[in-house]
Amino acid sequence: MATKNYKKSRSDGGLDRERRLRYVAPVLDPNWQSPYSPSSREREENERAAKKFLIRKRIPQTTAVAVVILALIVGILITPLSAIGAVVVAGLYGFDLRKMVQRVEQRAGSMGSVMLGQFKAGGSTKDRLRLVTILERLAATFGVDNVSAFIIDDEGYNSCLVPNGENYSLFITSAMMRDFELIEIEAVVAHLLARLRLGLGLRQGLSAVEELSSSQRAQLAGTGHTYRADEVAAAAIRYPLGLAAALQRCARHRNVAGSFISTPFYDQTRWVFFDVHADRPEPDFTDSDDVSLRALALKEW
């Protein structure tokens, strides 16, 4: 009996040694980043796209100035003063270009004031308290500060988060606050905060203030980025189905008379809103910005 126990212990010891030999220690990659977290490269690319748009606006003027500078450089062979002229022209144009960029960025950065002028306040005291509570918690999660919340009196389902000088303003319709569950409102706010973390604020703000065609606005704002913001938001709140439910509500909702969604103002500013195609009568499953497709994609998580 003792022999059997001895053999069993030797056998168990051999198994333990074998397990230890097969064990592979985990290797931690210090450069690993979650695919659901906004990367610095994403933010830089989105911010760079806005700058490129502003510079492309001045291509005719830039070309004309370049011709003048070239002529002055060629004139150096005739008179040394041409070199001074070329430097002066280049410096003045560079200064003017920089001021133009700052002016347009300032217009995009004052979208909060524009929105306040377009809407009237709505919602109950209870609704405002709910919204502020959600916003304060999520703003800390996303690392965004100085956000003011406004409920606007409208029967459409939509929301946006736009810059207002050095701060930000969150706007949400009274219908959305009334009809959406708490977790769904949380998901909508998280989506809008995710856009800021992705560096989409300037791109989408410019699309709302510049005189452009619908296709140009879409190109500037960056099509497909709404779903990327959905991913970031769903990962942050750890409940993709909450965001999917909010998107489904928007997909089922039909415009009512008097809603701002039927106005030219919405058509111009649509890319700053949670539902960028709220005026679309039927879903378009070929468009990754469509709320119906975004909801289906989240359900696959």
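Colleague: Which residues form one aromatic cluster here?

Modeller: Phe119, Phe260, Phe265, Tyr266 and Phe273 form one aromatic cluster, and please keep in mind as we go on that this is a predicted model.

Colleague: How should I read a pair of aromatic rings?

Modeller: In general, such a pair is described by the distance of the centres and the angle of the planes. In this structure the count comes to seven aromatic pairs. One of them joins phenylalanine 150 and phenylalanine 171, which are stacked, with 5.2 Å from centre to centre and 20° between the planes. Because phenylalanine 150 belongs to strand β1 and phenylalanine 171 to strand β3, the pair ties together parts that are 21 residues apart in sequence.

Colleague: Is phenylalanine 171 buried or exposed, and what is the relative accessible area of phenylalanine 150?

Modeller: Phenylalanine 171 is buried, its relative accessible area being 2%, whereas phenylalanine 150, at 28%, is partly exposed. An edge-to-face case is the pair of tyrosine 157 and phenylalanine 180, whose ring centres are 5.0 Å apart and whose planes stand at 80°. Tyrosine 157 lies in the loop between β1 and β2, and phenylalanine 180 in the loop between α7 and α8, so this pair ties together parts 23 residues apart in sequence. Tyrosine 157 is buried at 10% relative accessible area, and phenylalanine 180 also counts as buried, at 3%.

Colleague: Let us turn to a helix; why do residues three or four places apart point the same way in an α-helix?

Modeller: The reason is that an α-helix has 3.6 residues a turn. Here, helix α6 covers residues 125-142, and at 1.5 Å a residue its 18 residues should span 26 Å, which agrees with the 26 Å between its end C-alpha atoms. Within α6, the buried residues are Asp127, Leu131, Ile134, Leu135, Leu138, Ala139 and Phe142. They cover an arc of only 130° around the axis, which means that they lie on the same side of α6.

Colleague: Which residues are exposed on the other side of α6, and what do the buried residues pack against?

Modeller: On that other side, Thr125, Lys126, Leu129, Glu136 and Ala140 are exposed, while the buried residues of α6 pack against β1, β3, α7, α8 and α11. After α6 comes glycine 143, which has a positive phi, near 70°.

Key: Residues are numbered from 1 along each chain as its sequence is written. This is a predicted model: local features need pLDDT of at least 70, side-chain atom pairs count only at pLDDT 80 or more; totals for chains, interfaces and linings use all residues. Side-chain values use heavy atoms; hydrogens and water are left out. Helices (H or I, at least four residues) and strands (E, at least two) are DSSP runs, numbered from the N terminus. The expected span of a helix is 1.5 Å times one less than its number of residues. Buried means under 20% relative accessible area, exposed over 50%, partly exposed in between (1.4 Å probe, protein chains only). The arc is that of the directions from the helix axis to the C-beta atoms. Contact means heavy atoms within 4.5 Å. Rings of Phe, Tyr and Trp (its six-membered ring) pair if their centres lie within 6.5 Å; planes under 30 degrees apart count as stacked, over 60 as edge-to-face and the rest as tilted.
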